[in-house]
Amino acid sequence: MSSEKVPAASGTRAPSPSDLKNRQNKKLTLSLAMVLHCQSRMIFRDEARELATIVAQVLPTAGRMVVDFSGVDSVDKGGLGELVLTQLWAEASGYSLTFASPKKSVRHLFEITNVASVFDVYPSVAEAMAAMVLGETHSA
């Protein structure tokens with residue numbers, strides 16, 4: 001009979017001293033990103049102003065935010081202007097503001113008004129969050 005130690009589970013081994021040292025040297029990395037879910041329509045007066053206000057209040061703390069547009073049915077020119085101003089403010093302040101899941105009509109509006117190049121737009125919230133974690137932002 002051999003005196004070698006057999007691992008408890010097949011394919012596993014006891015951690016070596018270098019494995020333990022590497023684990024101890026790794027520091028916990030934390031990041032915070034908020035998801036703001038929008039519903040209904042985005043028009044200039046109350047809705048657009050409310051969105052801009054929430055972003056201005058939360059983004060300085062979080063640093064990163066995804067605005068989920070999956071529930072937004074329409075955006076008017078005033079709402080679009082407010083979105084552009086909010087995006088430009090976030091960018092100038094060093095924050096990451098991305099938009100996710102716009103319906104076909106909203107995405108079309110972004111494209112025909114050429115603001116799609118101003119926004120970081122992703123097909124889903126999951127993809128927008130993944131891009132934030134990787135530090136990548138782009139228009140999809």
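User: Which residue in β3 does Asp 68 stand opposite?

Analyst: First, a caution: this is a predicted model. Now the general idea. Strands of a sheet pair through backbone hydrogen bonds, either parallel or antiparallel. In this case, Asp 68 stands opposite Ala 100 in β3. Another pair is Val 66, whose bridge partner in β3 is Thr 98.

User: How many bridges join β2 to β3, and how do these strands run?

Analyst: There are 5 bridges between strand β2 (residues 64-75) and strand β3 (residues 96-100). The two strands run parallel.

User: In what order do the strands form the sheet?

Analyst: Read it as β1-β2-β3-β4. The sheet is open, has 4 strands, and its pairing is parallel. Now look at the edges. They are β1 (34-42) and β4 (120-122), and each pairs on one side only. Neighbouring strands are turned against each other by 30° on average, with direction ignored.

User: Which strands does helix α2 touch?

Analyst: Helix α2 (residues 46-62) packs on the sheet and touches β1, β2 and β3. Check its direction too: α2 makes about 175° with β1.

User: Which strands does helix α5 lie across?

Analyst: Helix α5 (residues 125-134) lies across β1, β2, β3 and β4. Its angle to β2 is about 155°.

User: What is the angle between α2 and α3?

Analyst: α2 and helix α3 (residues 77-92) pack at about 10°, and their axes are 9 Å apart. Angles under 35 degrees count as roughly parallel. That makes α2 roughly parallel to α3. The crossing of these two helices is right-handed.

User: Which residues of α2 and α3 meet?

Analyst: From α2, the residues include Leu 51, Val 55 and Leu 59. From α3, they include Leu 83, Thr 86 and Trp 89. Find these side chains in the structure and view the two helices together.

User: How many residues of β3 are buried?

Analyst: Start with the general idea. In a regular strand the side chains alternate between the two faces of the sheet. Now the case: in β3, 5 of the 5 residues are buried, so β3 is largely enclosed by the rest of the structure. Both of its faces are covered. Ser 96, Thr 98 and Ala 100 are on one side, while Leu 97 and Phe 99 are on the other.

User: Where is Ser 101, and is it buried or exposed?

Analyst: Ser 101 lies in the loop between β3 and α4 (104-112). Buried means under 20% relative accessible area. Ser 101 has 16%, so it is buried. Check its backbone as well: phi of Ser 101 is near 60°, a positive value in a residue other than glycine.

User: Where is Asn 114, and is it buried or exposed?

Analyst: Asn 114 is in the loop between α4 and β4. Exposed means over 50%. Asn 114 has a relative accessible area of 55%, so it is exposed. Its phi is near 65°, again a positive value in a residue other than glycine.

User: What pattern does the protein chain follow along the sequence?

Analyst: Step back to the whole chain. It has 5 helices and 4 strands. Along the sequence they follow α-β-α-β-α-β-α-β-α. Of the chain's 140 residues, 33% count as buried. Take the contacts between residues at least 6 apart in sequence: 69% of them join residues at least 24 apart. The chain exposes about 9200 Å², and carbon and sulfur atoms supply 56% of that area.

Notes. Residues are numbered from 1 along each chain as its sequence is written. This is a predicted model: local features need pLDDT of at least 70, side-chain atom pairs count only at pLDDT 80 or more; totals for chains, interfaces and linings use all residues. Side-chain values use heavy atoms; hydrogens and water are left out. Buried means under 20% relative accessible area, exposed over 50%, partly exposed in between (1.4 Å probe, protein chains only). Contact means heavy atoms within 4.5 Å. Accessible areas come from the Shrake-Rupley method with a 1.4 Å probe; for residues, only the protein chains shown count as cover. Two strands pair if DSSP finds at least two bridges between them. Axes are lines fitted to C-alpha atoms, for helices over the stretch in contact, and angles run from 0 to 180 degrees between N-to-C directions. Angles under 35 degrees count as roughly parallel, over 145 as roughly antiparallel, 65 to 115 as roughly perpendicular and the rest as oblique. A crossing is left-handed if the near helix is turned anticlockwise from the far one by less than a right angle, and right-handed if clockwise.
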